[in-house]
Amino acid sequence: MAQQPQRGGGDRNRRDRNAPAAAEAPESDIIEKLVHINRVAATVKGGRRFSFAALMVVGDGKGRVGFGHGKAREVPEAIRKATEEAKKTMIHVPLRENRTLHHDGNGRWGAGKIMMRAAPPGTGVIAGGPMRAVLETLGVQDVVGKSTGSSNPYNMIRATFEALKVQSSPRQVASKRGKKVADLMGRRNDGASAPEAVES
């Protein structure tokens, strides 16, 4: 009787070890942040049944970020579900000099409205709440953000992602317009150079 649980535990450990093996390299440096957790009560015949909803943000600190929502009877399970969903929905955002955004952006989702502005070196992440969690896991080091709408974390997260999805690098714009990156960067008045844009 004592050997059966040990064999089952060994199988579980082997399965968990083999499952993420293919994706272990890119996910080894994933940053996870718990943004919000909410207790939900459902009234049933016997009384009230509680469950928990978790909102997670994950990123690699190098331009990829995602968010997910999970719901379960226990907090750890809700966090696990939210983390798995966030890893599946990660998006890539081009960063300028690997520290800030290429240009300003606005995002809106429902009543949530946010704005983000690129900032010079040394500014830091000037943003609060869910927006700060997204920018930190994304790998942004200098940015100014402001929320002017709803403070609902779900709306703020989605509004932030709407603003990040429209970010484009000079290389992407140049390819769409059929021009060279140097032609576009020549009109920039903030001191950035073409090689920096190409690297980003």
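Predicted model: local features only at pLDDT ≥ 70, side-chain atom pairs only at ≥ 80, totals over all residues.

Staying with helix 4, I checked burial. Seven of the 10 residues in helix 4 (residues 129-138) are buried, so the rest of the structure largely encloses it. My list of the buried ones reads Pro130, Met131, Ala133, Val134, Leu135, Thr137 and Leu138.

I found four strands in an open sheet, ordered 1-2-3-4, with antiparallel pairing. Strand 1 (31-44) and strand 4 (91-92) are at the edges with a single partner strand each, so one side of each has no neighbour in the sheet. I then followed strand 1 into strand 2 (residues 47-59): they pair in the antiparallel sense over 13 bridges.

What lies across the strands? Helix 3 (residues 75-88) lies across strand 1, strand 2 and strand 3 (64-72), and I noted an angle of about 145° to strand 3. Helix 4 also lies across strand 1, strand 2 and strand 3, running at about 140° to strand 1.

Last entry, helix 5. At 1.5 Å a residue, its 13 residues (153-165) should span 18 Å, and the end C-alpha atoms are 18 Å apart, which agrees. At its N-terminal end I found asparagine 152 as the cap, with a side-chain oxygen 2.8 Å from the backbone nitrogen of tyrosine 154. Buried residues of helix 5 include Met156, Ile157, Phe161 and Leu164.

How values were computed
Residues numbered from 1 in each chain as written. Heavy atoms only, no water. Helix = DSSP H or I, 4+ residues; strand = E, 2+ residues; numbered from the N terminus. Expected span 1.5 Å × (residues − 1). Buried < 20%, exposed > 50% of the residue type's maximum accessible area, 1.4 Å probe, protein only. Polar contact = N/O pair within 3.5 Å; in protein donor to acceptor, adjacent residues only side chain to side chain. Pairing = 2+ DSSP bridges. Contact = heavy atoms within 4.5 Å. Axes fitted to C-alpha atoms, helices over the stretch in contact; angles between N-to-C directions.
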